[in-house]
Amino acid sequence: MSKHKISAVKAAEILGVTRQTIYQYYGSSNLTRETVNNILTKFNVTENEVFALSMEKPKIEAKPLHLSADPNDYDNDGSRFEELPDGTLRMRVPVIPFKAYAGYLRGYQDNEFYEDLNYISIDVFKQHKGHYLAFEVKGDSMTTLDPNHFRESIFDGSIAIGRELSKHQWRYKLHTHNYDAWVVVHKTEGILIKKIIHHDVENGYITIHSLNPDKKNYPDQVLFLDDVEQIFNIVQVVNKRQY
């Protein structure tokens, strides 16, 4: 990348991989032969050049769990952004841990509730407006082995990052076909992570669905929107190995 003066985004495009994979190459001490050959072919470099910089890596004795942006860099809704060298942005999002779910139902409108939370950072290509929160996933209601829906599974311990839909948007048909999963904050049922398979605008209710095929424990439910506090569409899921 240094030799060709290109960004990680461009390198990923040339190699046919994701930007996250490029960053994983940096931290790897054992690249596969297929990966090395791909780099040699696409960039016309020698094997010595591929590994030269890896020999000069500083010793790392601590690995940050959360990469923080500038704490003073707020946009008008409280999200935090940091510009990266390749032109992308890093957005900080507060994480609601599972153990805080009950407290969230009582305190989500109080700024003090968020003060001691951890943050997770995701890379984005523009400053997104709106209210974003990340929720720790608990349980297996959104997991399935069905090959047609397996990619939609959200596993226990993952972090689901959601963008809140304001209540005035509930008066119109939710774009359920655009999102695989939603977070629904219900006054009595708690914080639910489900698919929304039906939205009856006229009668003010939604039908939620679990991917888990065990319908005895995970039946479809009808929730009236008068009993719902918040709805988030899930825009990204971060698995355990990614943070």
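His 199 is bridged to Ile 206 of strand β8. Strands here, like helices, are DSSP runs numbered from the N terminus (strands E, at least two residues; helices H or I, at least four). The structure is a predicted model, in which local features require pLDDT of at least 70, side-chain atom pairs count only at pLDDT 80 or more, and totals for chains, interfaces and linings use all residues. Residues are numbered from 1 along each chain as its sequence is written, and side-chain values use heavy atoms, with hydrogens and water left out.

Strand β7 (residues 190–200) and strand β8 (residues 205–209) run antiparallel and are joined by 5 bridges; two strands are taken to pair if DSSP finds at least two bridges between them. The two strands form a hairpin with 4 residues between them, and Gly 204 in the turn has a positive phi of about 70°. On to the next strand, β8 is joined by 4 bridges to β9 (residues 221–224), again in an antiparallel arrangement. Tyr 205 stands opposite Phe 224 of β9.

Strand β7 also pairs with β6, in the antiparallel sense and over 5 bridges. This pair forms a hairpin as well, with 3 residues between the strands, and His 186 has Gly 190 of β7 as its bridge partner.

Strand β6 (residues 182–186) is largely enclosed by the rest of the structure, because 5 of its 5 residues are buried. Buried denotes under 20% relative accessible area, exposed over 50%, and partly exposed the range in between, with a 1.4 Å probe and protein chains only. In a regular strand the side chains alternate between the two faces of the sheet. From β6, Trp 182, Val 184 and His 186 point one way, whereas Val 183 and Val 185 point the other way; all are buried.

Two loop residues were also examined. Ser 141 is located in the loop between β4 (132–136) and β5 (159–165). With a relative accessible area of 14%, Ser 141 is buried. Beyond its neighbours within four places in sequence, Ser 141 is in contact with Ile 193, Lys 194, Ser 210, Leu 211, Asn 212 and Tyr 218, contact meaning heavy atoms within 4.5 Å.

Asn 44 occupies the loop between α3 (33–43) and α4 (47–52). Its relative accessibility is 66%, so Asn 44 counts as exposed. Most residues other than glycine have a negative phi. Asn 44, although not a glycine, has a positive phi of about 55°.
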